[in-house]
Structures are given as structure tokens and as C-alpha cells.
Amino acid sequence: MSCLPARSAGGIRHDDLVSTRTLDVAPPVGVAAAHRGRLGLVQGTALYVASVLGTGILVLPGLAAQVAGPASILAVAAVLVLSIPLAGTFAALASRFPDPGGVASYVRRVLGPTAARMTGYWFFFGVCVGAPVVAILGGEYVVAVLGVDRSAVPIIGFAVFLPPLIANWFGVRVAGWVQFVLTGLLLAVVVGVVAVTFPAADAANFTPFLPNGWGGVGVAISLFVWAFAGWEVGTHIAGEFRDPRRIIPIATGIAIAVVGVGYLALQFATVAVLGDRAGASQVPLLDLVETTAPGIGSVLVAIVAAIVTVGVLNAYLPAFGKLGAALGRDGDLPRYFAKGAEDGAVPRRALALTGALIVVYFVLMLWNELDLTGFILIHTSNMVAIYAAGMLAATLILRRFSLGWWLAIVATVLTAGLLLLAWQNLVMPIVLAAASVVVTIVRRVRARRAPRVEVDAAAPVVTAEADLVP
């Protein structure tokens, strides 16, 4: 296949690509379509912030302080620095190549449709486990704070899941404004907790600074990787931005600053106020506010849990919906689900499939007595696999020696290290990868058995790309 022209209808420039040698795969359908996105900078930034500043604020500050003491602040700073090249690379990709397939569409360009199918399955079927996990975590927090019987956790979790699904059913534009409100409330709560508890800070709580040595800092870094994940979500809804090339990098930069300051401030307050008590319970925010404002802490923490849970689900559901539609469009899922993949459209069929998948995971979690450890490992291992594939593709698809390309090089090295650390939990990604290979084999067999159609020799021959490229 030939390379793209110097400037296509979708605004993709030849100098953003490597060469005809690295682009022997045609771009996914819809990349060069007329752009109809409506998300602006404010809504987009809110979606990015909520995708990253999520459920981590509920438990991670206390857990990190427990394993690393005051040095947990260094762990937060380290993960923030490490997330910059990853977020920057995704911003470079999303702004230049807006496509609902997200990371899978970038992998398709340079590694072929089978690798793209793997990436898409990792996100849609693997990362999707995280949605009910988030809902259950929110339910557990609310139940613990309000003193309700634990049997209400699934009911609360499912109830929290419904508003984001309904909002996204009416389109990303509605969901974007909802996200703006939710993110504003979340940031107000974070700022409020820090401001209220700051007078109780005690410098003595910072000694000893390294109670568990640098090994403890390493454990805290591993914990906060979960907290800073989520930068890839914007790649799936990049086409919904009015001007992806201008807005996405700005929104990403603002989100990095907001998320970094938020987590650093919370970690500082947790250490400075609670000291050795930081890891004594699973509700460090409650412990913080009750130190200086007893009596209102329970209500405040319940509000935080609800805001965080709804906000994170509201940010992820449009990504799952758009990806499901893109997988249907590209033949990786039944084409029935392709409706809504184009910019500005609502992928209701794919959203319904996402909702059904989440319900299945809900049932499995109930069957497992709400032990979420295995499900969280499925989520994180698939995320690591996606990051590794996405960063490798970015090094091949971005213009060599550009800022985005250098960020991709750094991020590739970092994600390779994460992949090595996660090797024991890669069973699910391997299973999904095998499924994608099976789909490729089935499609090729069907193509060979299909009757040949005689065509005019002068007429152009249109061939399914996914059946030709391994």
C-alpha cells in the first residue's frame, strides 16, 4: 500500500509519520473523515484529570505512608515524573491521529491488525475489569464510613455505575459537562481536606524520614503506579475534541500539573498530620478531617467516595464505548457494534455491550466474595501490556527526533521495566492475545473459502486489510 499524501482530509501530515516503509498499513477507517468533535479545553481537561486523579486518593496516601513513611512523598514525586513521558506520548499520538480505536489504532499502523486486535482486546476485555472494581471500592468506602451492612456494597456499587452510563448514553458532550462538575467537586474536596488539616501538621512526623529504607520507597512507587494510570483514556475520545492537535496537549499538561499537585498535597498532609497513624486504617481521608474537624468527616468522605467513583466511571465509559465501536468497525468484534464509531456519534450498541460485560464482572466478583485482588491484577497487567505496545508503536509512528518521539523512547524503556515486574500476572493478556490470533486464523480461512468474484480488470480491487497483514 502507498503512503498517505502530504496532507490528508483529516489533517495528518506526512512529516508526522516515519516513512512509506513504516506505513505499509492503511489507516483505520474514519481517521480522515470530516471532524465533528465538540469537546473543548475545559471539558477535556476535566476528563483527563478524573481519569487519573481517581480512586487512588481514597486509600493510597495511607498505604504509601505505611510502607515508606515520610519518604512516601518522594515516591509520589517519582511516579509523577515517570508519568510525564507516558502522558506526553499519548498526547502526541491522540492530537495527531484522533481515532476511537485509541492505542489499538496506533499499533495497527505499524505492527499490523493482529497486534492491534490484541491491544484492543486488552483494553476492552481486560482493563474493563477496573470499572466494577472502582464501583465496588466506592461502595466499600461508603459502607465503612456510614456503618451500613456490607451486604449493601454491591447495591451501592451498581447504583454508582448507572449515572455515568446514562450520561454517556446521551453523548460525550453531555458526559463532558457532567465530568466538569464532578472534577470541580473532587478538586474542591482535595483542596478542602488539605486546607482544613494543615494547621495540625507536625514537623516531628517527618522523622525518621526513611523508616523502611529505599525498599519501602520502591513499594510505594509500585502502589502509586495505579494512581497515575489513565492517560490512555483520551486517545479513544480524541475525535470528540473540537481541535485535538491544539487542545489535547494543553489539557494533558494541565492535568499532569493538577494531578501531581493534588497527590503531593494529600501525601504531605497525610504524613504531616497522621504520622505513624497514616496506615492504621483504610480511610485516611476520614482520619485526616476528623483530626481537626470531628463530626463532619464521615459525611465528607462519603461525598468524596461518590464523586471519585462516579467521576472515574464517567471518564472511562466513553472510552470503552468508542473502542468497542472501533473494534466492530475494524472487524475485531461483530460489525453490529460499529455504529457510533465516527466522530460526534454515540456508540450506544458498544456501550450496551460494555455494560453487559461489567455486569458479568460484577457477578464474578460477588461469586468471589468481593475479593478484588485478582481483578485488580487483571486490570493492571493488561494496562502494562497496552502501554508497552503503545509506546513501541509511538516510536515508529511519530516523527523521528521530535519531542513526542523522544518522550516515546523514554516511555518505552520505562514500560518495558513495568512489563518485567508484572510477568507473573500476564496470564489474562496472554489469553486475550491468543484469542486475537485465533480470530486472525478464522478470518483467513473464511477468506480463502469465500467464492472468487470476477471483476473488471480496470476496476480497483478493494481487499480487507485485516485478512492480508499478519
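Are Arg 108 and Asp 332 buried or exposed? Arg 108 is buried, and Asp 332 is buried too. Buried means under 20% relative accessible area, exposed over 50% and partly exposed in between (1.4 Å probe, protein chains only).

This is a predicted model, in which local features need pLDDT of at least 70 and side-chain atom pairs count only at pLDDT 80 or more, while totals for chains, interfaces and linings use all residues. Residues are numbered from 1 along each chain as its sequence is written, and side-chain values use heavy atoms, with hydrogens and water left out.

**Exercise 1.** Trace the salt bridges of Asp 332.

Step 1. A salt bridge is a side-chain nitrogen of Lys or Arg within 4 Å of a carboxyl oxygen of Asp or Glu.

Step 2. Arg 108 and Asp 332 form one, with the closest N and O atoms 3.0 Å apart. This pair joins helix H4 to the loop between H13 and H14, 224 residues apart. Helices are DSSP runs (H or I, at least four residues), strands likewise (E, at least two), numbered from the N terminus.

Step 3. Arg 443 also meets Asp 332, at 3.8 Å from N to O.

Step 4. Both belong to a network of salt bridges that links Arg 108, Arg 117, Arg 329, Asp 330, Asp 332 and Arg 443.

**Exercise 2.** Classify the aromatic pair of Tyr 336 and Phe 337.

Step 1. Rings of Phe, Tyr and Trp (its six-membered ring) pair if their centres lie within 6.5 Å; planes under 30 degrees apart are stacked, over 60 edge-to-face, the rest tilted.

Step 2. Tyr 336 is exposed at 51% relative accessibility, whereas Phe 337 is buried at 16%.
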